Number of protein chains: 2
Amino acid sequence: MSEHLALENIRILDLTRVIAGPYCGAMLADLGADVIKIELPGRGDDARAYGPYVNGESLYYGNLNRNKRGITLNLKSEEGKEIFRKLVKESDVVLENYRPGVMDKLGLGYDELKTINPRIIYAAVSGFGSYGRYSKRPGYDIISQAMGGLMSVTGHPGNGPTRVGSAIGDVLGGMNLVIGILAAIEARHTTGEGQRVDVSLIDSVVASLENAYQRYEVSHENPKRMGNAYASIAPYDSYEASDGWFVIGCGNDKLYKQFCDNILHMPELVTDPRFDCNVNRVANNLELKAIIEETFAKKHTVSECVDMILAAGIPAGPIYNVSDIMEDPHIRDDREMFVHVDHPVMGDVILNGNPVKLSDTKVGIRFPSPTLGQHNEEIFHSLGYSDEELAALKEKGVF
Amino acid sequence: MSEHLALENIRILDLTRVIAGPYCGAMLADLGADVIKIELPGRGDDARAYGPYVNGESLYYGNLNRNKRGITLNLKSEEGKEIFRKLVKESDVVLENYRPGVMDKLGLGYDELKTINPRIIYAAVSGFGSYGRYSKRPGYDIISQAMGGLMSVTGHPGNGPTRVGSAIGDVLGGMNLVIGILAAIEARHTTGEGQRVDVSLIDSVVASLENAYQRYEVSHENPKRMGNAYASIAPYDSYEASDGWFVIGCGNDKLYKQFCDNILHMPELVTDPRFDCNVNRVANNLELKAIIEETFAKKHTVSECVDMILAAGIPAGPIYNVSDIMEDPHIRDDREMFVHVDHPVMGDVILNGNPVKLSDTKVGIRFPSPTLGQHNEEIFHSLGYSDEELAALKEKGVF
């Protein structure tokens, strides 16, 4: 393992709030960037008001802002703008998720900032993007799940459209912003200049529907809500055991044959005309599901079913809830997906591990999220401000 | 706009199949990398067998493999391995999604490849990751949605766990792999060496649950399926109008006050002790939802509700299905999320646009997916093979 971190040469100014932008900043910070979170004096990121709380501090905020240093800055004051411009001179990336136009009005839009530092990469994430006819509309995750189509394809046939139970539009948007920033950093090695990176939550959700648009293009039928079944493969669904549900993913004919022979002990199903190829199995999935549940699944527990199916070499798994995940030794111990960190106010808390694993430049959590304005003096001093100057600026509400 | 592409100096060997790996390769290709897709002679990527089809070619494959050149290669043959090693010498990234161990058995694992090219970045995505006690288990998207916890938090309270209606675990895994590769490329500018990038679908889904683990850590209660509500913010849900559903996302007290004053015309709800702060609104969401539906939503159509709420500056939107999205002028025209491409067999088809927008180094679709082995001669000739040598290799089934 190297002593280097992948992004150790990169400094990010993170003006973002709530999830999508902070997720992006946290990912870049985990990869080794020096991320300076800039918050409103006195109030900070909206997410500081979101539970769960530990000793009066938001652990929601804590997870999304680990590995960041934190300052407060009033960007509406002239002195605040001046400090920000000084930081831009020494930084690589400005990250913001204001409504499009807000930074321009402050005189801090990309066109201004690139005159200060032509190498600056200006990265914005918003509900609808920084251009386009809806760009001024406010957008939260739920709007992107609704207008990006994910709700229309999620849920059981009898129910209405269903929201994914995490802020997946924000997560996808934050990840796309990371990708755009890292691509712009690589481009800068060639061009010598920064550029704008623009990501919208809606576009991010639209892209996550993968082949749904191609299916519509060919069939002219809108994809339906199919519960836990999949339009392209069967058996590939949830199944009821004696004590709960589990899932099977039989991706091809070979796996299906192994399943009929070794689990169902019904080799005749391999050539049964209802099920003799993937397309027919998809068409007759409900019949196949009933056979699997009646002849096999309901006679055993989830754990027995999964063990038997895995032993036959076929993909299967339990349906975990959050506590199962946090206790699973593969996820918790081997993959280190939950990391203890010591926070100055919250004490020992558990944050999500990073899903990107690099063998040489370690990805990980080095320090906890900042309390509001925790690094004001450290960072303002580094810009050359004296104690007296800082006292005067503080008095004026600049930070 | 520059004539450069962000990743124009990067060559990728893409050995992956189906979704997660190909999604990663397509993203890198859209960003300008030279991606060479390597497939099994005669058969190719499993996804060539997935519908929808146009003129006998898979459009499912077409979407995930645009901007890639394609060759066939039998990696079990000595000659195939030799060709692959020659390509590794001239490439930056090897991308694979075999079950962990397969490449090592072929003699083509990272430890071998780095002796050929110490700068090579070896990127793998699999169900459970290349290390850890479950690493040899087969994993498909549905297994990651089940064991990664997303199914447990998605769905309506009366239903069981619910699968997200797209292969979101694959998409998240592919995106995390892109992030890891781009970070490793940046690290290489400092260290001069490549490294391994390892991503699992399960870890990717686990991380996408954002604050669910922190809520469990504090409450010791597993997050429940909440339909379209959100555990952290209210009002933030779907609401029934006279002709369907729409969504509202009121992310802070200011928006909530605007909503009470200008939409509900019930300013008393701002200070009502049930709803006077976000935490109380979350706790009493069902009561608040009933008030919103009875006093406002059900008296208007979806379109009227959304227009009125947006006019008051509050985030809201309709719930789109796939055809709505493909016809929406913001998504389709302004954001260019559906791109026509002319494929040699399929003709004019529509592929998903890229959600990452860069202002200087254009991201986009330059050419369609390869037919099986389309670029064999072009690429093998570039390695120095003569027509006679290629005829002999072809005869032996090497490609």
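## Chain A overall

In this predicted model, chain A contains 19 helices and 14 strands. Its C-alpha atoms occupy a box of roughly 85 × 45 × 40 Å along the principal axes. Chain A has 399 residues, and 64% of them count as buried. Among the contacts in chain A with a separation of 6 or more, 68% are between residues 24 or more positions apart.

The accessible surface of chain A is about 13,900 Å², and carbon and sulfur atoms contribute 49% of that area. The chain carries 40 positive and 55 negative side chains. The centres of these two sets are 6 Å apart.

Strand β1 of chain A spans residues 11-14 and is covered on both faces. R11(A) and L13(A) lie on one side, I12(A) and D14(A) on the other, and all four are buried.

β1(A) pairs with two strands of chain A, β2 and β6. With β2(A), residues 34-39, the pairing is parallel and has 4 bridges; here L13(A) stands opposite I36(A). With β6(A), residues 93-96, the pairing is again parallel and has 3 bridges; here the partner of I12(A) is V93(A). Helix α1, residues 20-30 of chain A, belongs with β1(A) and β2(A) to a β-α-β unit, which is right-handed.

## Strand β8 of chain B and pairing between the chains

Strand β8 of chain B, residues 196-200, is mostly covered, with 4 of its 5 residues buried. Within chain B, β8(B) pairs with strand β7, residues 121-126, in the parallel sense over 5 bridges. In that pairing A123(B) stands opposite V197(B).

β8(B) also pairs with a strand of chain A: β14(A), residues 357-358, runs antiparallel to β8(B), and 2 bridges join them. K357(A) stands opposite D198(B) in this pairing. β8(B) therefore has a strand of each chain as a partner, given that two strands pair if DSSP finds at least two bridges between them.

## Helix α14 of chain B

Helix α14 of chain B covers residues 285-295. Its buried residues are N285(B), L288(B), K289(B), I291(B), I292(B) and E293(B). The list includes the charged residues K289(B) and E293(B).

These buried residues pack against elements of chain B, namely strands β9 (236-241) and β10 (244-249), together with helices α11 (253-264), α12 (268-271) and α13 (278-283).

How values were computed:
Residues are numbered from 1 along each chain as its sequence is written. Chains are lettered from A and ligands numbered from 1 in the order in which they are written. This is a predicted model: local features need pLDDT of at least 70, side-chain atom pairs count only at pLDDT 80 or more; totals for chains, interfaces and linings use all residues. Side-chain values use heavy atoms; hydrogens and water are left out. Buried means under 20% relative accessible area, exposed over 50%, partly exposed in between (1.4 Å probe, protein chains only). Contact means heavy atoms within 4.5 Å. Accessible areas come from the Shrake-Rupley method with a 1.4 Å probe; for residues, only the protein chains shown count as cover. The place of a charge is taken as NZ of Lys, CZ of Arg, CG of Asp or CD of Glu. A crossover is right-handed if, with the strands pointing away from the viewer, the path from the first strand over the helix to the second runs clockwise.
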